[in-house]
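Student: I would like to learn how to read a structure like this one. Could you walk me through some features?

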Amino acid sequence: MKKAELIKQTQSEFDAMLLDKSIETLKIWNCKIKDFSKLNTLTNLRELAIFSFETGTLNNLKELKNLEKLRIIHLPQIHSLEELTNLESLTELSLESLPSWDSSGKTLIFDNLNSLSSLTNLKKLVLMKAKVLNHGLSPLEKLNKLEVFETDNTFSVRDFAKLSLKLPKVKCAYFKAYHSVNYSKCKKCDSFKVKLTGIENNKMLCPICNIDKLKKYEIEFEKLKNEG
Ligand SMILES: [Zn+2]
């Protein structure tokens with residue numbers, strides 16, 4: 001498999017490297033590129049990782065029909081994911097915000113996830129610090145091959161509950177009412193806290209001291225799940 005890496009390179013170095021159409025794996029890291037349109041010519045590409053994609057559009061990738069793995073970090077200007085529809089070979093898709101956004105509360109914002117419903121070969125999906133304006137997580141219900149869904153607490157508890165019912169085998173930290181975190185401890189009993197699922201429940205509780213409250217969240221989660 002022909003691999004190529006561009007790290008801290010310029011537009012002309014990017015354009016020159018992309019003359020080689022045999023590239024199958026490409027990493028573009030920290031480059032000063034304004035025009036990513038030549039990417040579409042790399043039709044043998046199977047793996048692509050880009051950081052950052054601030055000046056790119058998904059139009060620049062839509063011809064890459066053999067692409068199996070796509071990872072993009074920092075795509076703040078992209079709101080429509082429609083151009084991903086034809087990338088049906090994808091088994092792994094990762095769309096991530098800047099790690100430094102974590103504490104600022106900033107998120108990526110997508111119109112909807114509808115185009116992802118045609119990516120039925122996906123086994124792993126990562127949506128890091130991303131919100132969607134319409135239809136929530138429901139377009140993901142058709143991803144029958146999905147094994148892992150890594151995300152943040154940026155969706156409603158109803159969205160997570162519904163998807164967990166449709167895709168019961170998928171590994172996702174938010175497919176239950178709460179999950180334990182190893183970065184915050186209860187001041188009273190020193191247990192690791194748990195994080196509640198759902199953007200509307202964005203808080204942490206102690207699994208010992210708050211056990212009654214947590215039972216209520218568990219019941220609520222099951223109720224939402226059964227509403228389908
Ligand atoms: Zn406690």
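Predicted model: local features only at pLDDT ≥ 70, side-chain atom pairs only at ≥ 80, totals over all residues.

Student: What arrangement do the four donor atoms around the zinc ion make?

Tutor: Donors are N, O and S atoms within 2.8 Å of the metal (3.2 Å for Na, K and Ca), and water is not among the atoms, so sites may look incomplete. Four donors count as tetrahedral if all angles lie between 85 and 135 degrees. Here the angles are 97 to 117°, which makes the arrangement tetrahedral. The donors are the SG atoms of C186, C189, C206 and C209, at 2.2 to 2.4 Å. Along the chain they follow the spacing C-x2-C-x16-C-x2-C.

Student: Where do C189 and C209 lie?

Tutor: C189 is in the loop between strand 10 and strand 11 (192-196), and C209 is in the loop between strand 12 (204-205) and helix 3 (211-227), so this pair ties together parts that are 20 residues apart in sequence. Helices (H or I, at least four residues) and strands (E, at least two) are DSSP runs, numbered from the N terminus.

Student: What is the strand order in the open sheet?

Tutor: Strands of a sheet pair through backbone hydrogen bonds, either parallel or antiparallel. Two strands pair if DSSP finds at least two bridges between them. In this model, seven strands form an open sheet in the order 1-2-3-4-5-7-9, with parallel pairing. Strand 1 (3-7) and strand 9 stand at the edges with a single partner strand each, so one side of each has no neighbour in the sheet. Strand 5 (residues 92-96) and strand 7 (residues 124-128) run parallel and are joined by five bridges; L95 has L127 of strand 7 as its bridge partner.

Student: Which peptide bond is cis, and which residue has a phi near 55°?

Tutor: Most residues other than glycine have a negative phi, and most peptide bonds are trans. The bond from F51 to S52 is cis, with omega near 0°. S52 sits in the loop between strand 3 (47-51) and strand 4 (69-73). The phi near 55° belongs to K129, a positive value in a residue other than glycine. K129 lies in the loop between strand 7 and strand 8 (130-132).

Technical notes: Residues numbered from 1 in each chain as written. Heavy atoms only, no water. Tetrahedral: all angles 85-135°; square planar, octahedral: opposite > 155°, others 65-115°.
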